[in-house]
Amino acid sequence: MNTTATLSARQTHCPDQVADPRQDELVLCPHCDLLQYLPVLAAGEQAHCLRCQHQLDARQPNPILRPALYAASALLMLLLANLFPFVSMALAGNRSEIHFFDTSAVLFTEYQQVLAILIWLFIQAVPAFCMLAIIYLKLGMRYHLPARIWVARVLFMLKPWSMVDIFLMGLLISFVKLVATAEISLGMSFWAFCLFCLLHLRTFQVLDRHALWASIAPSPQPDTEVTAGSTGLDQQLKLCHCCTAVVPLRQRHCSRCHTKVTARLPASIQKTLALLITACVLYIPANMLPIMRTVSFGDVTDSTIISGFFMMWQDGEYPVAIIIFLASVVIPIIKIVLMFWLCYLAAKPRHAGAKHSGNIYRLVDWVGRWSMVDVLVVAFMAALVRFGLLASVYPGIGALVFAAVVITTMLAAVSFDPRLLWDNQQPAAKAVQYRQAEGKIK
Ligand SMILES: [Zn+2]
Ligand SMILES: [Zn+2]
C-alpha cells in the first residue's frame, strides 16, 4: 500500500489505524528537501514525499530474518556459480568450457588488467560484499556487533556498482549472438548464477534502510520547534545522505553515522559538469577504438561499437542489435545531454517544473548503469570463444575506454544534487540564504 508522508503529526497514514503521534519521525526528502513527518508504517506500506513523490520509506515484514536469509541464499548460489562449469561452447568438433570467474580471469591474462579488475568488482566482489554486509548488519541488529555504522555506510555507497543483473542481460545477448554459429551448453553454475541474480535483487527489495539505521541508533531529532511542510533550509536543518538523519545546519557531522554533512552537495554543479565533459571527451575514443577483435577462420576483424551494431543488423539479429544500440549509443548520449540540461536548470535563477526535471534525474540515474552491458558481453565472449584461428574473440582497448565513459556518467549522476532544482523554485533570497548557511558551517 502506498501512502504519502504527513505534514502534521496528528494525521495518520491510514484511517483505520491510529498512529501514535509521538512515534512520527521528522524526515527530509533527499530529492526536494521538504521537511515532513514520516507516519508509523505497517508492514508492506510505503511512504512517499508529498512534493516530489520520492519514496521515503518502505516497511518490510520480518525486517531482520528475511533479508538475512535471502542474502545467505544468494551467497550460497554465488559460491555454487563459481564451483562448477558455467557455459560450454562446441564449434567444428572443438569444445571450450569456462567457469564463472573466467570472465574476469581471462581478461587479466589478455593484458586488460584494469578492465578485468573492474569486471571482477562489478560481478563478484561488490555483490558478495553487499550480501555479506546485509547478513552482518541483520545479525548485528540482534547481537549488537561492532562497526555496523561503517559497514552500512559502505553498503549503501557500493549498491549501485553491483552489476549482476546487467551481466545476466549480457549473457543472454552473447547467447543470441553465438547460438547461430556454435552449440552452447549451459552448466550447473549458470543456473546457480541466475538464482543468485534473483536472490540478490530480492535481498535489496526486502531491505528496510530506515529500520536498519534505526536499529543502529535512533534517528536524531531537532531540539528546536520546527514546522513541517517547509524546506530543511527554512528550518535550519539538513539531511545526512548516508543514514537519512535530520541534522541541524550548524552541526558539521551526523550524530548517528558520523559522516560529514553539508546542506547541499559541495560544488555539485561544477563537479557534475567536469565529469560530463570528461565523459564527452572519452566518448570519442570509445567509439573510434575497437571494442572487440574477432578471429574467424583466420580472418581478423576489429569492431567498434557502431560497426558491431551494423554487423549484427546485417546478420539479421535485430533485437540484439537494437538492445546494444540503445545501451551503448542512445543511453550514454541522452544521459549526458539530460545531465547538462539538469545542470543548466539547477544553475538558473528561477524555473518551473522541478517535479518533472526531478523525475528525469531519477530516470537517468537508474538507466545509466545499463550501458555497461556491451562491455560485459565482450568480457564474457572473450572468455568463452577461444578456438585459436578457427574462432576467437579478444577484448579491444575501446571496451576499457567505454567502461570509463559509463563510470564517469554514473559518478556525474551521483555528484548532482537534485535539491538544487527545487531551491531555484523559491525566491532568490533562498539561494542567498543557502550560501550564507554554507559559509557558516565551513
Ligand atoms: Zn521530495
Ligand atoms: Zn548520518
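1. R419 and D417 are both buried, and the side chains of these two residues meet in a salt bridge, with 2.9 Å from N to O. Please keep in mind from the start that this is a predicted model, and that the values discussed in this note were computed from it.

2. The structure holds seven salt bridges, and one of them joins the side chains of R59 and D208, at 2.8 Å from N to O. This pair links distant parts of the chain, since R59 sits in the loop between β5 (55-58) and α1, while D208 sits in the loop between α6 (188-205) and α7 (209-216), 149 residues apart. Which of the two terms, buried or partly exposed, applies to D208? With a relative accessible area of 0%, D208 is buried, because the term covers anything under 20%. R59, in turn, has a relative accessible area of 21% and therefore counts as partly exposed.

3. A further salt bridge brings together the side chains of R293 and D302, at 2.7 Å from N to O. R293 has a relative accessibility of 38% and so counts as partly exposed, and D302, at 39%, is likewise partly exposed. Elsewhere, D33, R264 and D423 are linked in a network of salt bridges.

4. Which protein atoms are the donors of the zinc ion (ligand 1)? They are the SG atoms of C29, C32, C49 and C52, lying 2.2 to 2.3 Å from the ion. Along the sequence these donor residues follow the spacing C-x2-C-x16-C-x2-C. The arrangement is tetrahedral because the four donor atoms subtend angles of 101 to 117° around the zinc ion (ligand 1), and for comparison the ideal angle for four tetrahedral donors is 109.5 degrees.

5. The zinc ion (ligand 2) is coordinated by the SG atoms of C240, C243, C254 and C257, at 2.2 to 2.3 Å. Here the spacing along the chain is C-x2-C-x10-C-x2-C, and the site is tetrahedral, with angles of 97 to 116° among the four donor atoms.

6. Turning to the aromatic side chains, the structure holds 19 aromatic pairs. One of them is formed by F86 and F380, whose rings are edge-to-face, with 6.4 Å centre to centre and 80° between the planes. Where in the chain do F86 and F380 lie? F86 is in the loop between α1 (65-83) and β6 (87-91), whereas F380 is in helix α12 (residues 373-384), so that the pair links distant parts of the chain, 294 residues apart. Both F86 and F380 are buried. These two residues also belong to one aromatic cluster, which they form together with F100, F167, F175, F190, W191, F193 and F196.

7. Another aromatic pair, that of F309 and W313, is tilted, with 6.0 Å centre to centre and 40° between the planes. Both residues lie in helix α9 (residues 305-314), four residues apart, which is about one turn of the helix. What is the relative accessibility of F309, and how does that of W313 read? F309, at 13%, counts as buried, while W313, with a relative accessible area of 38%, is partly exposed. A ring also takes part in a contact with a charge, for R209 lies over the face of F156, at 4.3 Å from the ring centre.

8. Finally, two backbone angles can be checked by eye. N62, in the loop between β5 and α1, has a phi near 45°, a positive value in a residue other than glycine. The relative accessibility of N62 is 48%, so N62 counts as partly exposed. F297 has a phi near 50°, again a positive value in a residue other than glycine, and its place is in the loop between β11 (292-296) and β12 (299-303). At 66% relative accessibility, F297 counts as exposed, because that term applies over 50%.

Definitions and conventions
Residues numbered from 1 in each chain as written. Chains lettered and ligands numbered in written order. Predicted model: local features only at pLDDT ≥ 70, side-chain atom pairs only at ≥ 80, totals over all residues. Heavy atoms only, no water. Phe/Tyr/Trp six-rings, centres within 6.5 Å; stacked < 30°, edge-to-face > 60°. Buried < 20%, exposed > 50% of the residue type's maximum accessible area, 1.4 Å probe, protein only. Lys NZ or Arg CZ within 6 Å of the ring centre and 35° of its normal. Donors = N, O, S within 2.8 Å, 3.2 Å for Na, K, Ca; no water. Tetrahedral: all angles 85-135°; square planar, octahedral: opposite > 155°, others 65-115°. Salt bridge = Lys/Arg side-chain N within 4 Å of Asp/Glu carboxyl O.
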